[in-house]
Amino acid sequence: MELQASAEMIQQSAPDQEEEVRRSPVKVILGSFIFRRALRALLTIYLVSTFIFFLVRLLPGDPVQVFINKQMTQYGYSYDDAANQARSLFAIDVDRPLLLQYTDYLSNLLRGDLGTSMVLPGTSVVSIIQSRIWWTIFSVGTSLIIAFVLGSLIGMLMAYKRGSTFDGIASTIGSILNSIPNYLLALLFIIIFGVRLNWFNYTKMRGSVSSGQPVEFSWAFFTDALYHAILPISVYVVTSIGGWMLLMKSSTISTLEEDHVTAARARGVPEWRVLGFYVGRNAILPLFTQLTIAIGFVVGGSLLVEPIFQYQGIGMRLYESINQRDYPVLQGIFLVITISVVVALFVADLLYSRLDPRIRS
Amino acid sequence: MSDQTHDLDARKERDRIRGTAESTAPVILSVRDVSVEYKTPYGWMKAVNNSTMDIRRGEAVALIGESGSGKSTLGFALLRMLVRAARVSTGEAIFTDKNGTTYDLFRMTDKEFRTFRWDKMAMTFQAAQNVLNPVMRISNTFHETARSHGWNDKAAVKAKTLDLFKKVQLDPNRVFDAYPFELSGGMRQRVSIALSLLLDPELLILDEPTTALDIITQRAIIDVIKSLREQLDFTMIFVSHDLSLAAELADRVATMYAGEIVEYGPVRDVFYRPEHPYTVGLLNAVPPIVGEEFTPLVAIPGATPNLLNIPSGCPFHPRCPFATDICSTVNPPLVDVGGTHFVSCHNRDKVTRDQEVWEEMEATVGA
């Protein structure tokens with residue numbers, strides 16, 4: 001009797017559902033979560049590129065002027081000669097109004113043209129960035145994943161065994177590691193393990209790949225790249241894992257006390273499912289927010305570590321550009337950093353919405 | 001057809017055993033001398049002390065008392081869901097299912113108990129709004145629970161769930177595929193009740209089923225529980241500090257004080273002829289459940305004792321207006337005063353609901 005009644009109710013409500021499906025497709029796309037997030041990402045990129053443009057133009061000490069002065073003092077050119085040289089080299093017309101310069105900049109940007117380097121005349125900024133950025137994404141990305149996965153597993157274990165000797169030791173180590181600056185650890189690595197203990201040949205490990213090794217899709221290239229990246233990766237992992245451990249521990253402890261975990265156990269849900277789907281899945285959510293923030297610090301972190309290991313990544317290039325006051329390259333790197341952070345955040349947002357249904361609505 | 005006759009008989013039987021009549025239904029849960037202790041930095045703290053009670057098939061038993069009286073702890077202990085720092089130190093609890101198989105709750109292995117719990121004995125939690133995993137669909141929670149008990153027929157589970165949703169007055173199709181955050185507090189409480197009934201448990205423990213809800217939702221949940229009791233065949237223990245809820249839902253009431261059951265009997269006897277001073281105090285402290293005239297409310301003087309340092313003799317004697325010398329030395333046993341009404345008090349003959357006695361006591365203790 002009752003079953004029949006419920007079957008009737010299913011039939012009754014079916015037309016409502018169909019109506020929902022028939023909503024205009026344009027509305028569905030415009031209102032969708034992904035579309036809204038993508039729009040936000042594009043807006044962010046536009047705002048930041050505008051900001052960078054005005055920041056560089058309005059900074060005291062015009063970079064073009066700096067170049068002209070350098071040409072005059074170093075090579076004895078007259079001002080007019082030096083200025084003409086600058087104009088032809090950088091294709092910058094300093095006499096054009098700022099607004100027109102801005103529209104030029106934007107249209108160049110849309111065509112993927114970030115200008116040319118001041119220090120290496122004729123070399124495009126895009127090619128400089130392209131030759132460096134993948135190394136950083138590889139080394140920092142790998143270490144971010146390793147530290148996140150390993151850190152949250154250890155943190156979860158610490159929470160389960162809270163109060164135990166393991167928890168005590170791991171907590172202490174975690175907070176110590178969390179407070180060591182990565183550039184300091186990089187120096188310590190070289191001095192202690194490289195120089196004093198002579199565990200590895202740190203001069204051979206310099207650079208991002210051995211000279212003579214072609215960049216190709218092969219096992220030899222992969223192992224060589226890994227060999228050169230192992231030091232920066234270890235430094236990133238060691239200095240960031242402590243934070244993930246402590247975060248996951250506190251997050252897991254509070255999740256373990258949640259009623260739905262107790263209730264799941266009461267219902268006889270197998271322990272591995274409780275750990276994975278009730279504790280783990282909910283405990284990881286706050287860490288995911290932290291992860292999106294950590295992505296933003298990726299290049300910031302590599303800025304000081306890469307020069308120490310002479311790792312040919314974007315961080316080291318940024319460091320060089322700052323020293324050489326190579327403004328177009330600086331501007332390009334900042335822009336690429338911004339875009340990659342925005343894209344990373346967008347991807348993280350999508351992943352997060354998969355993990356937490358509350359975000360989607 | 002035969003099912004209907006059976007239902008009718010069962011209902012008749014339930015009606016008969018309610019009220020003051022001496023129930024003849026078989027005992028479903030026999031609790032004997034159960035004590036529960038919590039580990040604290042100052043030693044083991046007794047939260048439940050030698051509790052003894054029999055619950056008969058089909059009854060609704062209310063455990064009432066102030067916060068910290070041990071009522072929830074007893075409920076959790078019976079389902080072996082105490083926190084790590086707690087242990088059942090003495091006593092036993094025997095569950096007898098409808099086939100006559102007995103289960104010794106505290107001596108079963110964890111593995112045995114995992115299959116037993118929810119199948120025979122289930123629970124609805126106090127903060128039922130939080131018992132659903134926020135990142136899991138309601139449907140998934142029901143399927144998972146069934147699967148954990150070896151019920152793999154997904155279509156049957158869904159049909160059963162939708163049927164239960166109707167019984168708790170939820171829109172089955174809207175709720176089944178929803179996430180918990182898409183439902184209101186009252187709806188989640190209904191889902192939680194439906195979830196506890198998924199495997200047709202014979203005994204359901206409800207821990208403060210209405211406490212976390214607003215007054216309108218409370219009313220709705222009470223009605224849901226009442227109608228479920230009429231439609232389904234299960235025994236019920238519910239823990240509450242709400243006397244009106246107990247009066248409305250319970251057949252029998254157990255009053256707990258400082259971890260002890262001090263009075264246990266049919267709801268009418270306990271509420272109309274209370275014989276334990278603490279029950280009297282509780283009744284004086286709330287507006288009358290029946291009747292038109294309003295009597296002034298009187299609080300029980302003093303405060304609940306520190307469970308690490310329970311008073312000697314009867315634990316209630318420092319707050320009791322009827323206390324005599326013997327009360328501070330000898331803890332009175334729970335004795336049958338007739339009609340399955342049990343009381344633990346030396347001076348039960350003198351106990352009255354006379355307001356003046358209590359007001360006077362309040363004045364002395366307050367001074």
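Student: What is the mean pLDDT of chain B?

Tutor: pLDDT is the predictor's confidence in each residue, from 0 to 100. For chain B the mean is 85, and 89% of its residues reach 70 or more. This is a predicted model, in which local features need pLDDT of at least 70, side-chain atom pairs count only at pLDDT 80 or more, and totals for chains, interfaces and linings use all residues. Residues are numbered from 1 along each chain as its sequence is written, while chains are lettered from A and ligands numbered from 1 in the order in which they are written.

Student: Where in chain B is confidence lowest, and where highest?

Tutor: Helices (H or I, at least four residues) and strands (E, at least two) are DSSP runs, numbered from the N terminus. Confidence in chain B is lowest in helix H1 (residues 2-17), with a mean of 56, and highest in helix H4 (residues 138-148), at 94. Over residues 16-21 of chain B, pLDDT stays under 50. For the complex, the predictor gives an ipTM of 0.80 and a pTM of 0.74.

Student: At what angle do helices H7 and H8 of chain B pack?

Tutor: Axes are lines fitted to C-alpha atoms, for helices over the stretch in contact, and angles run from 0 to 180 degrees between N-to-C directions. Helix H7 (residues 185-196) and helix H8 (residues 215-231) of chain B pack at about 20°, with their axes 10 Å apart. That angle makes H7(B) roughly parallel to H8(B), a label for angles under 35 degrees.

Student: Which residues of H7(B) and H8(B) meet?

Tutor: Two residues are in contact if their C-beta atoms, placed from the backbone, lie within 7 Å. On H7(B), Gly185(B), Gly186(B), Gln189(B), Arg190(B) and Ile193(B) meet Thr217(B), Ala220(B), Ile221(B) and Val224(B) of H8(B).

Student: How is chain B divided into domains?

Tutor: Domain bounds come from an automatic or database domain assignment. Chain B has domain 1 (1-120 + 202-367) and domain 2 (129-200). In contact across them are 13 residues of domain 1 and 14 residues of domain 2 of chain B. H8(B) supplies the largest share of the domain 1 side, six residues.

Student: How many residues of chain B are in contact with chain A?

Tutor: The contact joins 28 residues of chain B to 25 residues of chain A. On the chain B side, helix H3 (110-116), H4, helix H5 (154-167) and helix H6 (172-176) each supply at least two residues. H5(B) gives the most, with four residues.

Methods: Parallel < 35°, antiparallel > 145°, perpendicular 65-115°, else oblique.
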